[in-house]
Amino acid sequence: MKLSEIKKHLKGLSKIGFQLPNGELVASHFHVTEVGKVTKDFIDCGGKVRSEAVINFQLWEENDYDHRLHPEKLVGIIEMSEKIFKFDDLEIEVEYQGKETIGKYDLDFDGTNFLLISKLTACLAEDACGISQEKPKIKIAEVQQSCCDPSAGCC
């Protein structure tokens, strides 16, 4: 989800909910403790130089039940960040404290809640570092049906 999309969704909500990939909701007394731009410059395993940038939101929850974050407040924080940092309309990445470490998530919206979508690692240079693509699985019966008769002289 891009920055412009979350602002559009927030303007139509009376409360904010974030749902984890396992279906649980982030506690309703969460805070967005950071809004920023994260840039990552790196070289992949094939030697190609790459650069990525995302808008980062950090969700945090503590025992502060009296200061719930309302949609208009989060829109204000986003708009202030845009003015100060001159954000492009980039994809959003959300950080959230799991049981043992901080998880990073992509973001989607189901009409009610913002969905934290698990991110996966991947090799960006499979062709350059020797990772073979998975071969398609075929059924022998299908191959046998499509082949010519060995006695026909075409094989």
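1. Ground rules. This is a predicted model, so local features need pLDDT of at least 70 and side-chain atom pairs count only at pLDDT 80 or more, while totals for chains, interfaces and linings use all residues. Numbering starts from 1 along each chain as its sequence is written, and side-chain values use heavy atoms, with hydrogens and water left out.

2. The sheet. Six strands form an open sheet with mixed pairing, in the order S1-S6-S5-S4-S3-S2. The edges are strand S1 (18–19) and S2, each pairing on one side only. Strands here are DSSP E runs of at least two residues, helices are H or I runs of at least four, and both are numbered from the N terminus; two strands pair if DSSP finds at least two bridges between them. S3 and S4 run parallel, joined by five bridges. Leucine 59 faces tyrosine 96 of S4.

3. The core. Which residues touch the most other members of the largest nonpolar core? They are Ile6, Phe57, Phe114 and Leu116, out of 29 residues. Helix H1 (3–10) and helix H2 (71–85) are among the elements that give two or more residues to this core, as are strand S3 (49–60) and strand S4 (92–97). A core here is a set of buried Ala, Val, Leu, Ile, Met, Phe, Trp, Tyr and Cys residues joined through side-chain atoms within 4.5 Å.

4. Phenylalanine 57. Leaving aside residues up to four places away in sequence, its contacts (heavy atoms within 4.5 Å) include Leu3, Ile6, Ile78 and Val94, but also Glu34, Glu93 and Glu95.

5. Histidine 29. This residue sits in the loop between S1 and S2. Buried or exposed? Histidine 29 counts as buried because its relative accessibility is 10%, and the cut-off for buried is under 20% relative accessible area (exposed is over 50%, partly exposed in between; 1.4 Å probe, protein chains only). Beyond four places in sequence, histidine 29 touches Glu61, Glu62, Asp64, Tyr65 and Arg68.

6. The largest pocket. Its space comes to about 560 Å³. Among the 16 lining residues, Lys40, Glu52, Glu93, Lys119 and Leu120 lie nearest the centre. S2, S3, S4 and S5 each supply at least two residues of this lining.

Methods: On a 1 Å grid over the protein atoms alone, a cavity is a set of points where a 1.4 Å probe fits but cannot get out, and a pocket is an open set with protein on both sides within 12 Å along at least five of seven lines; lining residues have an atom within 4 Å of a point. Grid points are joined across faces, edges and corners, and a volume is the space filled by probe spheres set on the points.
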